[in-house]
Amino acid sequence: MLVTSASYRRTVPRARDLGIEIGRLPTGPANAITDVAGVRVGHTTLIEGDDVRTGVTVVVPPPEPLFAAAHTINGNGELTGLEWMRDSGTLTTPIGLTNTHSVGVVRDALIAAERPGEWDWSLPVVGETWDGFLNDINGFHVRPEHTFAALEAAADGPVEEGSVGGGTGMVCHGFKGGIGTASRVVEDGWMVGALVQANHGRRRRLRVNGVPVGERIGPEVVPLPASEAGEGAGSIIVLIATDAPLVPGQCERLARRAGFGIARTGGMGERSSGDFALCFATGNRGLVAEQPELALRMLNDGRIDGLYEAVIDAVEESILNAVLASRTMTGRNGNTVHGLPRELLLEALQAGASVTSST
């Protein structure tokens, strides 16, 4: 079964549908990274037979160079194209997300989709997390046409979450994980959106709004996946977009704050984890090499703390949305990863709130 996101209609509740609100800032209209004008998201989901559970997700920014930067939280993973981003301070391609062993084919497909001329070149950005517990990762099932389909399906508005696209075979805090997204509007009116591919964390450390729900929903209630790699041996990719007029150094500082959102949910960047964050800003446009001089805008650093708060809250909610949207899945070798039962989550949060109020 090959599914793209072109015909997507939301059918599963998100955190806010369940009354769970992260932070104090309001969300954008779709509560998604696509609330930043000009940003689109597309998926191709591959579910075939008993052992193919993978896919491709693309985040497509406005089609011109944008100021950007990345931050490595723990480096046991891959996000291509970062050296030129660090040198130039710009993002010039769509961003692909897929499984660990399909980075190359997605990267090449992004180049082919741009149809560069004889003397043109491209260094696409592609991130990965490992889906080998549920997916036949060494079967190399992701092909160029799957990336082309995700690009074709890319759209603004609501974003499909959970076990879709690059997140199809992922595990998060011992529950089924995948793609999640959220957004925030800061007091100055700037929009901040985040999207995660969540494949990280241990069950007992999972926290929601500070409540240790993972301790309350133990393996005796919802079984842990019997992964050969060991619980918590995964990764997370965080993509952040904003319409604020940021320069590259400010983008890098927003990317660093993604780690706070990951930590709030109980992530800690284990040795075996590949945890990367990338931020791009659409507030400066027309950054073309042909012009001898460029007129730039820069947010006053005295106003940047609001963006930090927005990033942290949006990343935390994105991770929760990724888990809430994912249902139990069985894949390679009959391996099963259970979804997080919503009623158990709400019971755990209620119990946590009761403990807090009594103290």
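Asn-31 counts as buried, because its relative accessibility is 7% (buried means under 20% relative accessible area, exposed over 50%, and partly exposed in between, with a 1.4 Å probe and protein chains only). Asn-31 lies in the loop between strand E1 (2-4) and strand E2 (40-48). Helices (H or I, at least four residues) and strands (E, at least two) are DSSP runs, numbered from the N terminus. The phi angle of Asn-31 is near 50 degrees, a positive value in a residue other than glycine.

Before going on, a word on the source. This is a predicted model, in which local features need pLDDT of at least 70 and side-chain atom pairs count only at pLDDT 80 or more, while totals for chains, interfaces and linings use all residues. Residues are numbered from 1 along each chain as its sequence is written, and side-chain values use heavy atoms, with hydrogens and water left out.

Phe-140 also has phi near 50 degrees, again a positive value in a residue other than glycine. Is Phe-140 buried or exposed? Phe-140 is exposed, because its relative accessibility is 51%. Its place is in the loop between E7 and helix H3 (144-153).

Next, helix H3 and its partner. Two packed helices are described by the angle between their axes and the distance between the axes. H2 and H3 pack at an angle of about 55 degrees, and their axes are 8 Å apart. Axes here are lines fitted to C-alpha atoms, for helices over the stretch in contact, and angles run from 0 to 180 degrees between N-to-C directions. H2 and H3 are therefore oblique to each other (angles under 35 degrees count as roughly parallel, over 145 as roughly antiparallel, 65 to 115 as roughly perpendicular and the rest as oblique). The crossing of H2 and H3 is right-handed; a crossing is left-handed if the near helix is turned anticlockwise from the far one by less than a right angle, and right-handed if clockwise. On the H2 side the contact is made by Val-105, Val-106, Ala-109, Leu-110, Ala-112 and Ala-113, and on the H3 side by Pro-144, Thr-147, Phe-148 and Leu-151. Contact means heavy atoms within 4.5 Å.

The other helix pair is H5 with H6. Helix H5 (residues 248-264) packs against helix H6 (residues 305-324) at an angle of about 45 degrees, with 8 Å between the axes. That makes H5 oblique to H6. H5 passes H6 in a right-handed crossing. Among the residues making the contact are Arg-257 and Phe-260 of H5, and Tyr-308 and Val-311 of H6.

What does the charged end of Arg-257 sit over? The answer is the ring of Tyr-308, at 3.8 Å from its centre. A charge sits over a ring if NZ of Lys or CZ of Arg is within 6 Å of the ring centre and within 35 degrees of the ring normal. Arg-203 lies over the face of Phe-175, at 3.9 Å from the ring centre.

Pro-248 is in helix H5 as well. Pro-248 counts as partly exposed, because its relative accessibility is 24%. Leaving aside neighbours within four places in sequence, Pro-248 is in contact with Phe-67, Ala-68, Ala-69 and Gly-89. Pro-248 and Ala-281 are 33 residues apart in sequence, and their C-alpha atoms are 8.5 Å apart in space.

On to aromatic pairs. Rings of Phe, Tyr and Trp (its six-membered ring) pair if their centres lie within 6.5 Å; planes under 30 degrees apart count as stacked, over 60 as edge-to-face and the rest as tilted. By this rule the count is one aromatic pair. Trp-84 and Trp-121 form it, edge-to-face, with 6.0 Å from centre to centre and 75 degrees between the planes. The pair links distant parts of the chain, 37 residues apart: Trp-84 is in helix H1 (residues 82-88), and Trp-121 is in the loop between helix H2 (103-114) and strand E7 (125-129). Trp-84 is partly exposed at 38% relative accessible area, whereas Trp-121 is exposed at 57%.

Last, Leu-345, which is in helix H7 (residues 342-358). Leu-345 is buried, with a relative accessible area of 0%. The C-alpha atoms of Leu-345 and Met-85 are separated by 40 Å, and the two residues are 260 residues apart along the chain.
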